Amino acid sequence: MIDTTPRPTSRSPLAAGDLAHTVVFAAFIAVLGIFPGIHMGGSGVPIVLQNAGPLLAGCVLGARRGAASVLLFLVLTAIGLPLLSGGRAGIAPFLGPGGGFLVGWLASAAVAGLVATRLRGPRLPVLLVAAVAGLLTDYAIGIPWLGVYTGLPAAAVQSLVFVPGDAVKVVAAATIAAAAHRALPGRLVATGNGRRTE
């Protein structure tokens with residue numbers, strides 16, 4: 001006799017709930033672009049609020065879904081939607097001096113999410129470490145890219161202007177993420193205590 005009992009299927013890369021979270025966070029990053037960038041120094045890279053979005057996405061959604069939300073945002077920007085701070089759009093922002101930081105958003109969300117999911121649960125200290133790791137990843141990509149335009153020593157010095165504001169964003173992202181995890185325990189991201197797996 002043939003066994004017709006339905007077998008459990010493997011979870012799709014982005015199930016419906018995952019897709020919803022991905023779209024919501026891509027929209028959130030776009031909303032942060034309403035706040036205009038501030039140009040300081042001669043690097044041509046503005047200080048923006050928007051780079052907090054990838055950190056928050058990674059800390060809340062984990063590496064896979066956080067990076068997916070950033071990728072969706074970047075693709076929509078590249079095809080012409082004016083979603084970047086100051087209404088920038090298209091390929092030009094990716095090719096300019098700040099292009100490395102934009103590409104770095106994708107990696108920063110992934111790294112922040114990886115740290116958040118591998119350590120022991122989404123508590124504030126863990127999320128602070130995750131957000132710092134994500135930010136440093138963005139710097140590791142963005143500063144050498146900027147160095148192509150200005151020289152690496154100059155790029156490193158000019159990037160110091162970002163540090164105070166980015167430190168505030170790290171704390172804010174970790175705090176908001178911790179509150180989100182408390183409100184929806186075990187439902188947003190995989191944790192090190194086994195409550196949910198990615």
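**A nonpolar patch and its setting**

Modeller: Of the 198 residues in this protein, 44% count as buried. Keep in mind that the model is predicted. The protein has eight helices and zero strands. From the N terminus on, the order of elements is α-α-α-α-α-α-α-α. Take contacts between residues at least 6 apart in sequence: 69% of them join residues at least 24 apart.

Now the surface. The protein exposes about 9800 Å². Carbon and sulfur atoms supply 74% of that area.

Here is the patch. Five residues form it: Ile91, Leu95, Trp145, Val148 and Tyr149. Together they have about 530 Å² of accessible area. Which helix gives the most to the patch? Helix H6, residues 124-150, does, with three residues.

Look at Ile91 next. Ile91 sits in the loop between helix H3 (63-78) and helix H4 (92-95). Is Ile91 buried, exposed or partly exposed? Its relative accessibility is 47%, so Ile91 counts as partly exposed. The cut-offs explain this: buried means under 20%, exposed means over 50%, and partly exposed lies in between.

An unreviewed UniProt entry lists residues 20-38, 44-63, 70-91, 97-117 and 124-146 under "transmembrane region". Compare the model over two of these spans. Residues 70-91 are 41% helix and 0% strand. The end C-alpha atoms of residues 70-91 are 16 Å apart. Residues 20-38 are 68% helix and 0% strand. The end C-alpha atoms of residues 20-38 lie 32 Å apart.

Note on methods: Residues are numbered from 1 along each chain as its sequence is written. This is a predicted model: local features need pLDDT of at least 70, side-chain atom pairs count only at pLDDT 80 or more; totals for chains, interfaces and linings use all residues. Side-chain values use heavy atoms; hydrogens and water are left out. Patches are made of residues with over 30% relative accessible area and no salt bridge: like charges are joined within 9 Å, nonpolar side chains (Val, Leu, Ile, Met, Phe, Trp, Tyr) within 5 Å. Accessible areas come from the Shrake-Rupley method with a 1.4 Å probe; for residues, only the protein chains shown count as cover. A salt bridge is a side-chain nitrogen of Lys or Arg within 4 Å of a carboxyl oxygen of Asp or Glu. Helices (H or I, at least four residues) and strands (E, at least two) are DSSP runs, numbered from the N terminus. Buried means under 20% relative accessible area, exposed over 50%, partly exposed in between (1.4 Å probe, protein chains only). Contact means heavy atoms within 4.5 Å. UniProt positions are given in the numbering used here, feature names are shortened, and annotations may be inferred rather than shown by experiment.
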